[in-house]
Amino acid sequence: MTAPMAIAHVLSSFGQGGQERVAVDLARLQRAAGHEVMAISIAPGPEGPVSTAFRAAGVVVETIAKRPRVDPSLPVRLAACLRRHRVDVVHTHNPHALIYGAPAAWLANAVVVHSKHGMNPDRQRRLWLRRAAATLVDAYVTVTPTLAKKALEQGDCDSACLHVVPNGIDVVRFAPDPVRRRAIREELGIPADVWVVGTVGRLAPEKDQALLIDAMAPLLGARRRLVIVGDGADGAALRARIAGIPGREYVHMLGERKDVESILASLDAFALTSRTEGLPLVLLEAMATGLPVLSTAVGGIPDLLDHGVTGFLVPAGQRAPLTDRLASLSTDGALSRRVGAAGRQEVLERHAVDRMAKDYEALYERSLLEKRRGTRRRFSQPRVSTP
C-alpha cells in the first residue's frame, strides 16, 4: 500500500471550471486512498462553488488571497500554511497557481507537481514569471501530447520534468441512461424521436457558441433542435442572436444546470465549437455517455478524437463544415451509433478518473523519492502516462 502523503492542491479560485473539477476528483480519490488532502484558493472571497465539493470529500479548504497586482508576500503566506499542515506534495493547477504555489512549496520544502490544463496564452511579463516558477517544479504535467509540445516550444519547462497525464472522468456518472433521457425531454417538451444536438460550457467568446447557433440555424425545425447549457458573459448576446434566426423556438437555452449527466443522456449528439481548449472534460463526459461528438480541431482535442472513428473534427470558426457535419449526423443513425460507441470505449479504456488518480499518485511518489535521494531524472522526450 502507498504510504500516506499530505497533498495540497493550489488553485487560482474555487470557481466552476475544468481544472477545478479535475482537482476535486483527484482530491476525493486521494482522500479515499488514505492521504491527507487540502485545497487552497488564492482568489479573494467569497468562495466559489467548488469549495463545497472539496469539503464534501473531506478535504481541508483554505483561502489565502492574492493582493492586487504582483504579490510578493503570497508565496511566504502560502508557505506558512503548507508548513503548518506538513504538506509533502503541492499540486498547482494552471499559471496563476504555479507562479505563487511553486515558490511557496520550495520554501516549505515540498515537492511541486504542476498541471497545465490548456494553452494558456499570456503577456510577456506573466510568461517570464511562469518560466521562473517552473524551474522549481519537480514534475510538469500536460493533459495531452500537443500541450506537451506547446509547453516545450514556449519554454514553459525543461523536457526532463515533462509528463503527459490525460484527464479522467467518472465513467459511472456519465453513461447512457434511457430514464434520464425521457425525463429531460419531457421537461423540455421535446418528443422522443426528435434529433437533438447540445453543448455545455461557459458562455464566453473563446467557447464560440455563436458559431454553433449559426451552423444550426438552417437545420432547425420540428425534427432538429439545439440545446445550450451554461452561463456567462456572452449569455445576453447569444440570446439576442437566437432571437434573430428562423426556428428560434427550436433552441433551448437552459442556463447553468447541476444535472449535466442527465442533459447529456437526453441528446443525440454533442458539439463543441471552442476557439481554444486543452482537453475539455465535457467532451470526455459526452463520449462516455455514448454520444457522437463533433468538435473544432483546437488545443489537445485532435489528440483525443480520431476523426470519423471516435468523433469528428472541423476547423475552428468555419460555419459551413460544421453545418454539413451536423446535417449528416442528424440523418445517419448508424454512423452516429458507431462513432458514439467507439468514443465511449475510448473513454472507458483511457480516461477513467481512477486511472488519472493512480498516474498522479505514482508521479507524486516518484518525485518525493527523487527529492529525498537528491536526484532528478532526465528525459529527452516527454514521459507519457498510458493506462
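Where is R69 found? I started with this residue in the predicted model. R69 lies in the loop between strand 3 (60-63) and helix 3.

**Entry 1**

I checked phi at R69. The value is positive, about 60 degrees, although R69 is not a glycine. I then looked up its accessibility. R69 counts as exposed, because its relative accessibility is 75% and the cut-off for exposed is over 50%.

I went on to R86. It sits in the loop between helix 3 and strand 4 (89-93). Its phi is also positive, about 50 degrees, and R86 is not a glycine either. With 71% relative accessibility, R86 counts as exposed.

Next I looked at P46. This proline is in the loop between strand 2 (36-41) and helix 2 (50-56). The peptide bond leading from G45 to P46 is cis. I noted omega near 5 degrees for that bond.

**Entry 1: helix 3 on helix 4**

I took the pair formed by helix 3 (residues 74-84) and helix 4 (residues 94-107). Their axes are 8 Å apart, and the packing angle is about 50 degrees. The two helices are therefore oblique to each other. Their crossing is right-handed.

Which residues of helix 3 meet helix 4? I listed L74, P75, V76, L78, A79, L82 and R83. On the helix 4 side I found Y100, G101, P103, A104, A105 and L107. By class, this contact of helix 3 with helix 4 has eleven nonpolar residues, one polar and one charged.

Is helix 8 mostly covered or mostly open? It is mostly covered, with seven of its eight residues buried. I wrote them down as Q209, A210, L211, L212, I213, A215 and M216. These buried residues pack against several elements, including strand 8 (195-200), strand 9 (224-229) and strand 11 (269-272). Helix 9 and helix 13 (319-331) are among them too.

I looked at helix 9 next. Helix 8 (residues 209-216) and helix 9 (residues 235-243) pack at about 10 degrees, with axes 10 Å apart. That angle makes helix 8 roughly parallel to helix 9, because the cut-off for roughly parallel is under 35 degrees. Helix 8 contributes Q209, A210, I213 and D214 to the contact. Helix 9 contributes L238, R241 and I242. I sorted the residues of this contact of helix 8 with helix 9 into four nonpolar, one polar and two charged.

Then I turned to helix 13. The axes of helix 8 and helix 13 come within 8 Å and cross at roughly 60 degrees. Helix 8 and helix 13 are therefore oblique to each other. The crossing of helix 8 and helix 13 is right-handed. From helix 8, the residues L211, L212, D214, A215 and M216 take part. They meet R319, L322, T323 and L326 of helix 13. The classes in the contact of helix 8 with helix 13 are six nonpolar, one polar and two charged.

**Entry 2: the nonpolar cores**

I asked which members of the largest nonpolar core touch the most other members. The core has 55 residues, and the answer is V113, V227, L264 and F270. Leaving out residues up to four places away in sequence, L264 touches F174, V200, F270, E285, A286, T289 and L291. There is also a second, separate core of 33 residues, including L82, L98, A108 and V137.

**Entry 3: helix 11 and E285**

E285 is in helix 11 (residues 281-288). Is E285 buried or exposed? It counts as buried, because its relative accessibility is 3% and the cut-off is under 20%.

I listed the contacts of E285, again without residues up to four places away in sequence. They are R21, I169, F174, V260 and L264. As a distance check, I took E285 and I99. They are 186 residues apart in sequence and 30 Å apart in space, C-alpha to C-alpha.

I then checked the whole of helix 11. Eight of its eight residues are buried, so helix 11 is largely enclosed by the rest of the structure. The buried residues include L281, V282, L283 and L284. A286, M287 and A288 are also among them. Last, I noted G290, which follows helix 11 and has a positive phi near 90 degrees.

Terms used:
Residues numbered from 1 in each chain as written. Predicted model: local features only at pLDDT ≥ 70, side-chain atom pairs only at ≥ 80, totals over all residues. Heavy atoms only, no water. Axes fitted to C-alpha atoms, helices over the stretch in contact; angles between N-to-C directions. Helix = DSSP H or I, 4+ residues; strand = E, 2+ residues; numbered from the N terminus. Parallel < 35°, antiparallel > 145°, perpendicular 65-115°, else oblique. Left-handed = near helix turned anticlockwise from the far one by under 90°. Contact = heavy atoms within 4.5 Å. Nonpolar A, V, L, I, M, F, W, Y, C, P; charged D, E, K, R; others polar. Core = buried A, V, L, I, M, F, W, Y, C linked by side-chain atoms within 4.5 Å. Buried < 20%, exposed > 50% of the residue type's maximum accessible area, 1.4 Å probe, protein only.
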